[in-house]
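Visitor: I am new to this structure. Please take one part of it and go through it closely, with the charged side chains in view.

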Amino acid sequence: MASSKEAQAQNGEEQKKPEQTPTTPPVKLEGDELKDAIKKQVEYYFSRENLYQDAFLVGKMDAQHFVEVSVIADFKMVKQLTTDQALILD
């Protein structure tokens, strides 16, 4: 008799594990890995793809398109990486 996983696989119903996306924070990082993860996340926020749909972030920009670091630091994904605004600026 097949297990339920085998039966699901045979029926094409096997559940897939959630994929890790660029915006999914990994486990606690430190050092250069943490800095790289923060950089990648902030680069995503300011990508054309994201800014096209992110009215909130665009609305927080000044005339030179700068945003206060406190705005970025308050984003959920950044808060999961760090609460250190100096590290975000680094």
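Guide: Asp32 lies in helix α2, which covers residues 31-45. Helices here are DSSP runs of H or I with at least four residues, numbered from the N terminus. The model is predicted, so local features need pLDDT of at least 70 and side-chain atom pairs count only at pLDDT 80 or more, while totals for chains, interfaces and linings use all residues. Residues are numbered from 1 along each chain as its sequence is written, and side-chain values use heavy atoms, with hydrogens and water left out.

Asp32 is exposed, its relative accessible area being 57%. The word exposed stands for over 50% relative accessible area, buried for under 20%, and partly exposed for what is in between, with a 1.4 Å probe and protein chains only. On the surface, Asp32 gathers with Glu30, Glu33 and Asp36 in a patch of negative charge. Such a patch is made of residues with over 30% relative accessible area and no salt bridge, like charges being joined within 9 Å. Asp and Glu count as negative, Lys and Arg as positive, and His and the chain ends are not counted. The place of a charge is taken as CG of Asp, CD of Glu, NZ of Lys or CZ of Arg.

Next come the salt bridges. Side chains of opposite charge can pair when their charged atoms come close. A salt bridge here is a side-chain nitrogen of Lys or Arg within 4 Å of a carboxyl oxygen of Asp or Glu. The structure holds three of them. One joins the side chains of Lys35 and Asp90, at 3.0 Å from N to O. Lys35 belongs to helix α2 and Asp90 to the segment after α7 (85-89), so this pair ties together parts that are 55 residues apart in sequence. Lys35 is partly exposed at 36%, whereas Asp90 is exposed at 63%.

Another salt bridge brings together the side chains of Lys39 and Glu43, at 3.8 Å from N to O. Lys39 and Glu43 are four residues apart in helix α2, so about one helical turn separates them. Lys39 counts as exposed with 51% relative accessibility, and Glu43 as partly exposed with 48%.

At Tyr45, the backbone oxygen lies 2.8 Å from a polar atom of the Asn50 side chain. Asn50 is found in helix α3 (residues 48-51), and Asn50 is buried, with a relative accessible area of 6%.

Technical notes. Patches are made of residues with over 30% relative accessible area and no salt bridge: like charges are joined within 9 Å, nonpolar side chains (Val, Leu, Ile, Met, Phe, Trp, Tyr) within 5 Å. Accessible areas come from the Shrake-Rupley method with a 1.4 Å probe; for residues, only the protein chains shown count as cover. Helices (H or I, at least four residues) and strands (E, at least two) are DSSP runs, numbered from the N terminus. A polar contact is a pair of N or O atoms within 3.5 Å; within protein, one must be able to donate a hydrogen and the other to accept it, and residues adjacent in sequence count only if both atoms are side-chain atoms.
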